[in-house]
Amino acid sequence: MSVRTLPLLFLNLGGEMLYILDQRLRAQNVPGDKARKVLNDIVSTMFNRKFMEELFKPQELYSKKALRTVYDRLAHASIIRLNQASMDKLYDLMTVAFKYQVLMCPRPKDVLLVTFNHLDAIKGLIRDSPAILNQVDETFQQLTEVYGGLSAGEFQLIRQTLLIFFQDLHIRVSIFLKDRVQNSNGRFVLPVSGPVPWGTEVPGLIRMFNSKGEEVKTVEFKHGGNYVAAPKEGSFELYGDRVLKLGTNMYSVNRPVETHMSGASKNLASQTQESIAPNPLAKEELNFLARLLGGMETKKPSDPEARFRLNLFATEEEEEQAALTRPEELSYEVINIQATQDQQRSEELARIMGEFEITDAPRQSASKGDDLLAMMDEL
Amino acid sequence: MVAADSEGSKDPGARMFRRERSIPLRGSAAALCNNLSVLQLPVRNLTHFGVVHGPSAQLLSFAPEGLPLAQRQLHAKEGAGVSPPLITQVHWCVLPFRVLLVLTSHRGIQMFESDGSIMVYWHALDSGDASPVQAVFARGIAASGHFICVGTWSGRVLVFDIPAKGPNIVLSEELAGHQTPITDIATDPAQGQDCVADMVTADDSGLLCVWRSGPEFKLLTRIPGFGVPCPSVQLWQGTVAAGYGNGQVRLYEASTGTLHVQINAHARAICALDLAPEVGKLLSAAEDTFVHIWKLSRSPESVSIEVEHCHGECVPDTQVCGARFCDPSGSSFAVTGYDLAEILRFSSM
């Protein structure tokens with residue numbers, strides 16, 4: 001599939017993560033300066049130049065589990081601390097939201113507008129820090145360079161790659177259920193009304209031409225939907241009206257972020273089957289993570305007491321309950337690792353994939369040939 | 001002139017369709033185009049279905065009254081690479097003396113006996129001149145006489161010469177005509193008769209190439225695109241039917257490339273077209289959740305092509321990714337949708 005998908009996937013999921021964390025910080029009444037510090041730290045880590053360089057290299061997408069590790073690390077690049085249950089929920093919300101946005105894009109190219117919506121909002125969250133704003137603008141530049149000239153066909157391939165990545169994900173999100181954006185079975189509602197994509201005509205017309213190219217007959221037909229013409233095209237400039245609402249912040253203090261765990265379903269069963277089989281890609285995924293996280297410069301907090309726990313749930317009890325009742329098949333535990341032959345590698349990976357602490361111990365200089373896993377653990 | 005909508009009882013082609021029992025799939029359908037292949041075997045009262053899930057494809061045998069009879073999963077042949085190769089398309093090719101199942105992926109082209117039991121041929125893709133940012137894959141499959149034509153990421157179309165039986169399949173020609181990845185290939189079911197043009201290839205830029213098959217294929221016409229991909233194409237009695245990424249269906253005269261009909265058919269990208277050649281019915285399906293059936297005809301006086309709309313079906317909340325007629329008279333069709341682990345069936349009442 002397309003090898004240019006990762007930057008779009010990462011930035012949009014990252015944007016959703018920031019929306020949710022911002023909402024939780026306000027819901028938990030975290031003091032303004034602390035909240036700002038959290039967001040600033042995460043954004044500056046996300047948009048770090050070295051990290052972006054790794055991200056933008058042409059590469060295939062890795063698994064959802066591998067990607068989750070990156071966000072786990074990203075969240076903990078700030079002074080917050082997330083329990084497994086909260087991190088799971090955070091990742092669930094991020095992935096469902098972006099899946100929805102990709103699915104709903106009127107044109108494949110609109111996924112770039114969704115990305116710009118996220119970037120615009122991120123800039124709003126860190127507007128007091130010009131240095132970080134600059135980093136985000138540079139990434140904007142890079143996105144325009146890489147994606148600005150792509151054809152509709154190439155965007156179609158990117159869209160298909162993203163949808164394959166999100167295939168069979170049916171976690172239900174409260175906000176989506178309430179807004180009737182998701183059905184109770186987790187499937188998204190696809191409206192058959194509203195504006196058509198830019199460049200598409202409203203369906204319902206058959207035009208017939210003779211061999212000279214003259215229009216000789218026009219017939220209308222009932223197409224079944226209720227569409228109207230597109231008002232205007234969204235802007236792909238650094239600043240501009242994106243027109244599209246997908247990718248803007250749908251959370252606010254009054255709209256809580258709840259998920260419902262779908263019961264075991266056929267789709268989930270098939271997904272579990274695939275992950276139980278021994279995964280020969282674990283090594284490749286580790287290399288990918290090492291490269292990506294190696295570019296991530298994480299700041300150590302000067303005062304260890306400054307760290308605080310963020311809860312994605314309304315109460316501690318709910319968080320505990322969620323951890324206990326999360327269905328097996330939706331666990332982000334690396335089930336496949338137990339099946340790999342290399343015991344040492346699987347132990348290291350299990351440690352990294354699970355909760356981990358950022359140690360303050362200085363890292364001994366390690367050559368590239370050293371155990372990549374050890375390197376990652378000390379970042 | 002704008003004629004009134006011709007739907008309703010006075011339109012002889014209009015029918016009502018009802019939902020039949022769905023066929024469950026082991027894995028959901030992937031968000032690809034042309035993601036349903038149907039092999040009708042009326043003599044045995046069987047229908048075969050093929051759907052791509054991702055790294056695997058599923059084949060099913062179905063008898064009308066009963067439950068699915070047989071089920072098989074195929075995987076893309078592994079090769080050098082980082083992740084399990086994804087399948088782009090699965091399609092049955094009906095040749096004069098045999099039927100082969102062709103599977104295209106990001107590694108190459110596999111050909112199987114029609115039930116998928118034995119692989120008879122493997123062709124690895126040559127990614128030699130691909131830049132690091134280009135995806136390498138095969139996509140677009142059609143049978144033309146005793147040839148099977150398969151498209152590739154570079155725009156080249158590979159022509160394989162298929163013997164009446166056995167695995168001695170030979171790559172006989174590589175057709176140049178496209179510069180962007182091939183999306184779909186169609187051949188005229190009534191070839192060998194009056195038709196000169198009997199194959200059309202389509203690509204991501206919307207360009208269509210019309211060919212005459214033979215020991216050497218000859219490029220007859222080029223029909224330029226207009227900035228959107230053409231994911232699906234059909235050929236019927238000298239008429240090219242093309243579905244585009246902006247929801248339009250266009251009909252062209254194959255030999256000259258003249259545009260005869262332009263239908264604003266769908267509100268999102270078209271993902272599949274199919275033909276019921278005996279009755280001149282065309283089926284279009286798109287990501288807007290709709291399937292439409294059209295009746296094509298050639299008016300004797302003007303020698304141009306006419307189209308009328310027969311039926312529109314909404315498949316609620318489903319981003320359709322494949323659709324096919326299930327019988328030669330076009331009175332039943334099947335649909336697959338992204339994330340949907342079943343094949344939906346409709347037949348007319």
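A:K37 and A:D41 form a salt bridge in this predicted model, with their closest N and O atoms 3.0 Å apart. Both residues sit in helix α2 of chain A, which spans residues 32–46. They are four residues apart there, so about one helical turn separates them. Over all chains, a search of the whole structure finds 23 salt bridges.

**Between the chains**

How many salt bridges are counted between chain A and chain B? The count is three. A salt bridge also joins the side chains of A:K99 and B:D339, at 2.5 Å from N to O.

Several elements of chain A each supply at least two residues to the side that touches chain B. They are the helices α5 (84–104), α8 (152–165) and α10 (266–276), along with the strands β4 (205–209) and β5 (215–220). Which element gives the largest share of that side? It is α8(A), with eight residues. Sorted by class, the side of chain A that touches chain B has 30 nonpolar, 18 polar and 14 charged residues.

Now look at the extent of the contact. Chain A brings 62 residues to it, and chain B brings 62 residues. About 5,000 Å² is buried between the two chains. Carbon and sulfur atoms give 53% of that area. In chain A, the residues that lose the most area to chain B are A:M1, A:Q167 and A:F209. Together they account for 11% of what that side buries.

Strands meet across the two chains as well. β4(A) is joined by four bridges to β22 of chain B, residues 259–264. The two strands run antiparallel. Within β22(B), B:I263 is the bridge partner of A:I206.

**Confidence**

For the complex, the predictor gives an ipTM of 0.91 and a pTM of 0.87. Chain A averages a pLDDT of 78, and 73% of its residues score at least 70. For chain B the average is 90, and 91% of the residues score at least 70.

The table lists three of them, with their contacts beyond near neighbours in sequence.

| Stretch | pLDDT | Contacts in the model |
|---|---|---|
| Chain A, residues 262–280 | below 50 | 35 contacts |
| Chain A, residues 333–346 | below 50 | 19 contacts |
| Chain B, residues 1–13 | below 50 | 22 contacts |

Definitions and conventions. Residues numbered from 1 in each chain as written. Chains lettered and ligands numbered in written order. Predicted model: local features only at pLDDT ≥ 70, side-chain atom pairs only at ≥ 80, totals over all residues. Heavy atoms only, no water. Contact = heavy atoms within 4.5 Å. Buried area = accessible area lost by both parts, 1.4 Å probe. Salt bridge = Lys/Arg side-chain N within 4 Å of Asp/Glu carboxyl O. Nonpolar A, V, L, I, M, F, W, Y, C, P; charged D, E, K, R; others polar. Pairing = 2+ DSSP bridges. pLDDT = per-residue confidence, 0-100.
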